Amino acid sequence: MKLLRYGKPGEEKPGLLDGSNRLRDLSGVVPDIGGRTLLPEGLERIRTVDPATLPLVGGTPRIGPCVGQVGKFICVGLNYADHAAESNMPLPKEPILFMKATSSIVGPDDDLEIPKGSEKTDWEVELGVVIGKPAKYVSEADAISHVAGYCVVHDVSERAYQLEGTGQWVKGKSADTFGPIGPWLVTADDVPEPGNLDLWLDVDGKRRQDGSTKTLIFGVSYLVSYISRFMSLQPGDIISTGTPPGVGHGQKPPVYLRAGSEVRLGVQGLGEQRQRVVAG
């Protein structure tokens, strides 16, 4: 299933795409795409509904973040060997974890705001993992059963805030609009091989990132199991699994986003995002 949320910011309604890629309203079935709706029984409730019986949504409404009520936005750093190399950092021996403020979350096509005073706002296309069933000390073999689905994540980053001065990653990752997610949450049953998905990102029509989750250092099952050792994972939590090479900071010379730029990105089978870059 392709689940999504549509409407004005803060007023999003749940929806799904039917077999003809038409938007159907799910408001009469579930209150939102998030929280308990992402439990196995919540997703099964949606599966039992014939999409043809759901109201069609007319016009071209704004597509919001594909998950509501996100409790934790957990990111994995340097999880592609070639990205670690372009960042001049050693390969991690275990996953590098950091948090991204949930206030950074926006819809997939909302404007991307450059923070006041920023000169090094950068791009990162990533595969997002959305938790369904709560996970705590889960085995790697059982980890996928705790995943509700997958989505596109744009892990926008301000490199000066992240790496210079006090060098705190969360500080460089958490500005408003720095966390576009969606357009869809594609349920796990429709993504049988999350470790074999192409990712790409263009800036102003130029391909900057072109990678595959085949080159992840730590795969989805390992990450869910590993993270669950240190914190419980709850329905609607998002794990952003890292970015392939091609970020602006790794260009020679470095290239960063500027007001007026346009960013397009996507993950195979999970849809595309498009953002206009504006001054914050």
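Strand 7 (residues 112–114) runs parallel to strand 18 (residues 271–279), and three bridges join the pair. This is a predicted model, in which local features need pLDDT of at least 70, side-chain atom pairs count only at pLDDT 80 or more, and totals for chains, interfaces and linings use all residues. Residues are numbered from 1 along each chain as its sequence is written, and side-chain values use heavy atoms, with hydrogens and water left out.

**Strand pairing around strand 18**

- Strands here are DSSP runs of E with at least two residues, helices are runs of H or I with at least four, and both are numbered from the N terminus; two strands pair if DSSP finds at least two bridges between them.
- Ile114 has Ala279 of strand 18 as its bridge partner.
- Strand 17 (residues 262–267) pairs with strand 18 in the antiparallel sense over six bridges, and Val263 is bridged to Gln275 in strand 18.
- Three residues lie between the strands in the hairpin of strand 17 and strand 18, where Gly269 takes a positive phi near 80°.

**The cavity**

- You will find one cavity of 30 Å³ or more in the structure; a cavity is a set of points on a 1 Å grid over the protein atoms alone where a 1.4 Å probe fits but cannot get out, and its lining residues have an atom within 4 Å of a point.
- The largest cavity holds about 170 Å³ of space, and of its 20 lining residues, Leu78, His83, Glu124, Arg159 and Gln162 are the closest to its centre.
- Helix 3 (159–163), strand 4 (73–77) and helix 4 (169–173) each supply at least two lining residues, with helix 3 giving the most, three.

Notes. On a 1 Å grid over the protein atoms alone, a cavity is a set of points where a 1.4 Å probe fits but cannot get out, and a pocket is an open set with protein on both sides within 12 Å along at least five of seven lines; lining residues have an atom within 4 Å of a point. Grid points are joined across faces, edges and corners, and a volume is the space filled by probe spheres set on the points.
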